[in-house]
Amino acid sequence: MFTFQAPPYFFISDVDTVNAHVSQFTPIYCSRYFATRYESHTQPLHYTSRVLLEAGDIVLHLVEEQGRVVAAQAAQVWGTLYYDDGSPIGAVLVPPHQVELGDYYLFTKVDAAGKEKVYYCNKNTLTQKQIYRNVEFLSRSQPTAQMWLPEKEVIVDRPMMSNMLPYPDHVSEQFFHSAVVHYAKQGNPVSLFAAALWLRAQGKAQQAIHGLQKAAEKHFSFAWLELGFEYNDNGMLGHHPDKAVACFRQAAYGGLPLANYHLALAHIDGNGVEQSDALALTHLHKAKDGDIWVAYLALALYYRSGSFNHLRPPSSPYRSHSPAQLNAPLAAKLLFHIADKPWIGAPIATYYLAECYRTGEGVQMDKDYAKTLYKQAAELGDIRTEEIQYAAYYNGEVERLTQIAEDNPLVSYLLGRMYWFGEFAPKNFEIAKRYLKVAANSGHRCAREASQLLQNAREYWKT
């Protein structure tokens, strides 16, 4: 991503960015800098009501992170952006009544003639599909509107809705909440969903679920997704895997790739649906195509190990002992894609990528680079997770592991190895045996290896 600081007023049609500050880590190579802002009469950006977006519109914006709505906030349409050929880039949203664009970034695209051009947008630039799903109109300063009639491919002038709220001088929290409630009472699904999120945050679970159900009845996909979580998490609706699957399926039909990921999890262990690794794999690829990063990780580990055992509990009757065909290069490629992304699973992906370089699975073996990746994973990851504990082991973090060794068989096993073999710590067989006994007497999968080390120690001392 290429980050720039926008000029104070950004209303010109052609923007010269030659003197823009470019991060030294992300240089741009192109033949021409180009950016444009205008309306399209062939592919105009519009709300679900077919009303065209206009600069200055106050809207409800559902902020989405990795497939799930995390906030409902007020925003303003700064403008609509298009490529040079007239196809839309998206609608740019900014905080209410903000005149300047603020931070934006540039990206390149090659046109039909083979020339590379650079266009601009901000992080809240939404495509037409995202406008349908994440944006709802609240208020406009003008009493008229233009409406897109796709069946005739024409734009016509229409008066705005009679129930439209007056355009505010200042978009306060009070106005925003009253506007959402106003449209929710009229049955608007996006507003119903936003109100449900607020009610849930206030601890009013029953009212929140009622709002989600009302929004779901109007085929709002995000509402189906949240209801699926409610049935899956043993909340007020109880734990009903079959109903959770039904909700996730409706959300997937509505185009939410995160729902495909949760359908895959259900198929992996047969929770509320038939057990099928093949169907799980299909849903995971759909989630990956929707850029759900946790699906990338699940697929990478599948292609690395040949099974979904990493997603199954140890007691699962579906644990596979005959791995499917491995694809180490594809696994490494998937891990590459998500190891540097800003999400909670990035350190774990980095750890597995380090494993690829240490063993040469799918990539050329490079143990020095593997050490760099282990260090990065250990520094950024949660030490309570086993992958990060292994990363800390390869990074030689004896003190850090010692602090969490109590009642932790895997950490005890790793510390036992460190002291037995003198890895990042002086050899000390007594300390090593103490840690290894803790691991050997546990039910953890490392118990066998710990027992084997202890047996080797006994034979060593006999010799």
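Analyst: A crossing is left-handed if the near helix is turned anticlockwise from the far one by less than a right angle, and right-handed if clockwise. This is a predicted model, in which local features need pLDDT of at least 70 and side-chain atom pairs count only at pLDDT 80 or more, while totals for chains, interfaces and linings use all residues. Residues are numbered from 1 along each chain as its sequence is written, and side-chain values use heavy atoms, with hydrogens and water left out.

User: How do H12 and H13 pack, and at what angle?

Analyst: Two packed helices are described by the angle between their axes and the distance between the axes. Here helix H12 (residues 367–380) and helix H13 (residues 386–394) pack at about 125°, with axes 8 Å apart. The crossing of H12 and H13 is left-handed. Tyr374, Ala377 and Ala378 of H12 make the contact (heavy atoms within 4.5 Å) with Ile388, Ala391, Ala392 and Tyr394 of H13.

User: Is strand E5 buried or exposed?

Analyst: Buried means under 20% relative accessible area, exposed over 50%, and partly exposed in between (1.4 Å probe, protein chains only). Six of the seven residues of E5 (residues 88–94) are buried, so E5 is largely enclosed by the rest of the structure.

User: Which strands pair with E5?

Analyst: Two strands pair if DSSP finds at least two bridges between them. Strand E4 (residues 68–82) pairs with E5 in the antiparallel sense over six bridges; there, Gln76 has Val94 of E5 as its bridge partner. E5 also pairs with strand E8 (residues 125–126), antiparallel over two bridges, and Thr125 in E8 is the bridge partner of Val92.

Note on methods:
Axes fitted to C-alpha atoms, helices over the stretch in contact; angles between N-to-C directions. Helix = DSSP H or I, 4+ residues; strand = E, 2+ residues; numbered from the N terminus.
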